[in-house]
Amino acid sequence: KFGAMALPSQQSVVAFRRVLALEQSLGCRWKSTSADVYMDVLIAGGGAVGCSLARLLNERLPSLSVGLLEAGDAPKPQPSATERVPHPRSYALSPASFDVVGKSVSEKLDLGHYDSMQVWQANSPASLTFSSKDLDLDKDPYLGACVEDGPLVEALWNEIQGKTQCWTKTKIASLESSGDSHELATVTTTEGERIQSALLIGADGGNSWIRKNVGVSRIGTEYDQTALTFTVALNDSMHKRAFQRFLADGGPMALLPTYSDRHAVVVWSSTPDTVQKWKDAPQEELVSHLNECLMKGPERVPSLLEREQSSSSDAVSNLLYGAERVLDTLHYGLAMASHHPIPKFLAPPRIEEVVSPKFSFPLSCFQAKSYTKGRVALIGDAAHTVHPMAGQGLNLGLGDVKVLVETLEKASDAGMDLSTFLNEYDSNRLRNVSLSLGGIHALQRVFGTQNVPLQHAKTFGMNMIQNVGPLRRQLALAAAHGVSI
């Protein structure tokens, strides 16, 4: 444990006196307490999102005292890239997210950059290929990069040492007050320390203790799906491309690049029974199935009308059959046009073996009804969880960090209480995260069905996005920088 019973820094004393002067000028008083420690910002949760917030606060608002409570140990030093296999617990981060993480941290990480992403589905000739060419290459030289959780958290943790007061093996035992305009947020830790703060941040994951204890409910749904992830060895390079195919059972299977040219991470979503079956399957059988799923290219879209099953007259049947052939010509013509003059569709490399443990977790889509209450703000999975099919989980959490720090900068620059503009953070993230979650949820439902008319509609839609440059570029920008309105 670091900094037990520590006194505030000189900078935090100055900042706190400024706040006290302000509240005195407004004719109010903080509730009298006997806290052991005061922090301007106290963060509960030392994962990637919590540490990213601490780092950005240290950089942008260095006068603030920042504390971080981590329930576990400090991150352990990671083996070098040459001494380990890429870990399957990895994230696909956008350029905007790396801006939040910071260059000084990113430079210490082993990254699997990709400058294109290929998406296709079973029973359809259509495919989508986004590339960095759809972005501003001066600003975004790549579409994204995959990074392992362990090295990312370790690099962030090391970056905040000496600037953030960190406690390890310490949880919040009780929340005495979530605070308001007259009262600071007050918590007691499992070590018996009472800590007061002008702002308490819940960055403690999907089962957030903070969210539950301040009484913020959430809305959403549990999917009848489980994600299965593991690392595989490849027979060839990924050529800086990420792959995702929607299988006939509706579950997407993604093959994501790593820092190692001959390794990739598989993220596969399917029903709990299917995931358990393949999690327990012999390696040879699993590898064969993976290659069978990923090596299949665009396919013929199912027929809308089976002539032999039609009860219509021959004339009507022939008319409908002719109309379907015209529709097929449209589908295949658009699909071919998207690959001319340069083929955009590439077959992924073959998987040779599974080289890591296999991990599985249930999938859900939830969002807190409010991101703030009193002097408490929620970020990351404490505020929202999402299906991994779009790779937006950590990206959304780092988006929370960016907007929250901008909100606190606004208050600090005006010499006002840090909680003054929390309502703006709440409305911004509720609006924009709802848009992202809604879109991802809709995609999950649409691609999760094999309804034949919907298959034709999906094929037409994917072909149009691929062939209409401005529309494709807007989706690539949304993937790289998030959705905002």
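A polar contact, as I use the term today, is a pair of N or O atoms within 3.5 Å; within protein, one must be able to donate a hydrogen and the other to accept it, and residues adjacent in sequence count only if both atoms are side-chain atoms. Hello everyone, and here is the example I have in mind: the side chain of Thr229 reaches the backbone oxygen of Val266 at 3.0 Å.

Some housekeeping. This is a predicted model, where local features need pLDDT of at least 70 and side-chain atom pairs count only at pLDDT 80 or more, while totals for chains, interfaces and linings use all residues. Residues are numbered from 1 along each chain as its sequence is written, and side-chain values use heavy atoms, with hydrogens and water left out.

Back to Thr229, then. You will find Thr229 in strand β12, residues 218–234; helices (H or I, at least four residues) and strands (E, at least two) are DSSP runs, numbered from the N terminus. Thr229 is buried, at 7% relative accessibility. Buried means under 20% relative accessible area, exposed over 50%, and partly exposed in between, with a 1.4 Å probe and protein chains only. If we leave aside neighbours within four places in sequence, the contacts of Thr229 (heavy atoms within 4.5 Å) include Pro88, Val265, Val267 and Phe361.

Now to the salt bridges, meaning a side-chain nitrogen of Lys or Arg within 4 Å of a carboxyl oxygen of Asp or Glu. How many does the structure hold? There are 12 salt bridges, and I have picked a few for you.

One joins Arg84 to Asp110, with the closest N and O atoms 3.4 Å apart. Arg84 sits in the loop between β2 (66–69) and β3 (90–93), and Asp110 in the loop between α4 (103–106) and β4 (112–114), so this pair ties together parts that are 26 residues apart in sequence. Arg84 is buried at 15%, whereas Asp110 is partly exposed at 31%. The two also belong to a network of salt bridges with Glu148.

Next comes Asp149 with Arg89, whose closest N and O atoms are 3.5 Å apart. Asp149 is in helix α5 (residues 149–160) and Arg89 in the loop between β2 and β3, 60 residues apart. Asp149 is buried, at 12%.

Lys108 lies in the loop between α4 and β4, so here the parts tied together are 51 residues apart in sequence. Glu159 is buried at 18%, but Lys108 is exposed at 53%.

Let me turn to strand β7, residues 144–148, where 5 of 5 residues are buried. Gly144, Cys146 and Glu148 point one way, and Ala145 and Val147 the other. β7 runs antiparallel to β3, joined by 4 bridges, and pairs with β4 in the antiparallel sense over 3 bridges; two strands pair if DSSP finds at least two bridges between them. Ala145 stands opposite Leu93 and is also the bridge partner of His113.

Finally, the nonpolar cores: sets of buried Ala, Val, Leu, Ile, Met, Phe, Trp, Tyr and Cys residues joined through side-chain atoms within 4.5 Å. The largest has 79 residues, and Ile201 and Leu404 are among those with the most contacts inside it. Helix α10, residues 393–413, gives the most to this core, with 8 residues. Apart from it lies another core, of 24 residues, including Val232 and Val266. And Val266 brings us back to the backbone oxygen that the side chain of Thr229 reaches. Thanks, everyone!
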